[in-house]
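User: I have a model open and want to know what lies behind the terms used for it. Please set each value against its cut-off.

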Amino acid sequence: YFIQSNLRTPTVMNALNSSSPPMIEMESTTMQHIWGTFFLAVAVIAFSGDAAILASSLNRGAFQIKRPLVVVIQHLAACDILTAITTYLPIAIYFLGGQWRLKPLNCYITAFFSYCTSSLVS
């Protein structure tokens, strides 16, 4: 993991059980806010950038490349928007809120998409 202070073993059940300690304990809330702001910025930048790519690719003459490559770019942008919504945004909410504030189903969805994204990249 990328956070090196006081790590506990994160599991999905720790996030769902309100009496359990937080998945990642940090020494200060300042670090939580820094990481939350970082993930929120990544989600907003990814969503706005990919939305701009999708909007501009709908024009016939926007890209001077062949149509199959435009379709690949559109699919990548759509997948990146889904990743920003299902992975980065819930993680930002977790860090900024201090605990998992979404429904338990969202925890499973976030874990699933995080796993799928990381396995495709590596």
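The questions below take up the helices, then the surface, then the core.

Analyst: Keep in mind that this is a predicted model. The protein has 4 helices and 0 strands, in the order α-α-α-α along the sequence. Of its 122 residues, 24% count as buried.

User: How do you know that the length of helix α3 agrees with its number of residues?

Analyst: Helix α3 covers residues 67–97, which is 31 residues. The expected span is 1.5 Å times one less than the number of residues, so α3 should span 45 Å. The end C-alpha atoms are 44 Å apart, which agrees.

User: Where does α3 bend, and by how much?

Analyst: The bend is at A84 and is about 35°. The angle is taken between axes fitted to the seven residues ending there and the seven starting there. A84 is also among the buried residues of α3, as are T83 and T86.

User: What comes just after α3?

Analyst: G98, with a positive phi of about 85°.

User: Why is L96 called partly exposed?

Analyst: L96, in helix α3, has a relative accessible area of 36%. Buried means under 20% and exposed means over 50%, so L96 at 36% falls in between and is partly exposed.

User: Is V42 buried or partly exposed?

Analyst: V42 lies in helix α2 and has a relative accessible area of 25%. Because buried means under 20%, V42 counts as partly exposed.

User: How far apart are V42 and Y88 in sequence and in space?

Analyst: They are 46 residues apart in sequence and 7.1 Å apart in space, C-alpha to C-alpha.

User: What makes a set of residues a nonpolar core, and which residues make up the largest one?

Analyst: The members must be buried and joined through side-chain atoms within 4.5 Å. The largest nonpolar core has 7 residues: W35, F39, A92, Y94, F95, W100 and C107. Both α2 and α3 give two or more residues to this core, and α3 gives the most, with 3 residues. In soluble globular proteins, nonpolar side chains tend to be buried together.

Methods. Residues are numbered from 1 along each chain as its sequence is written. This is a predicted model: local features need pLDDT of at least 70, side-chain atom pairs count only at pLDDT 80 or more; totals for chains, interfaces and linings use all residues. Side-chain values use heavy atoms; hydrogens and water are left out. Buried means under 20% relative accessible area, exposed over 50%, partly exposed in between (1.4 Å probe, protein chains only).
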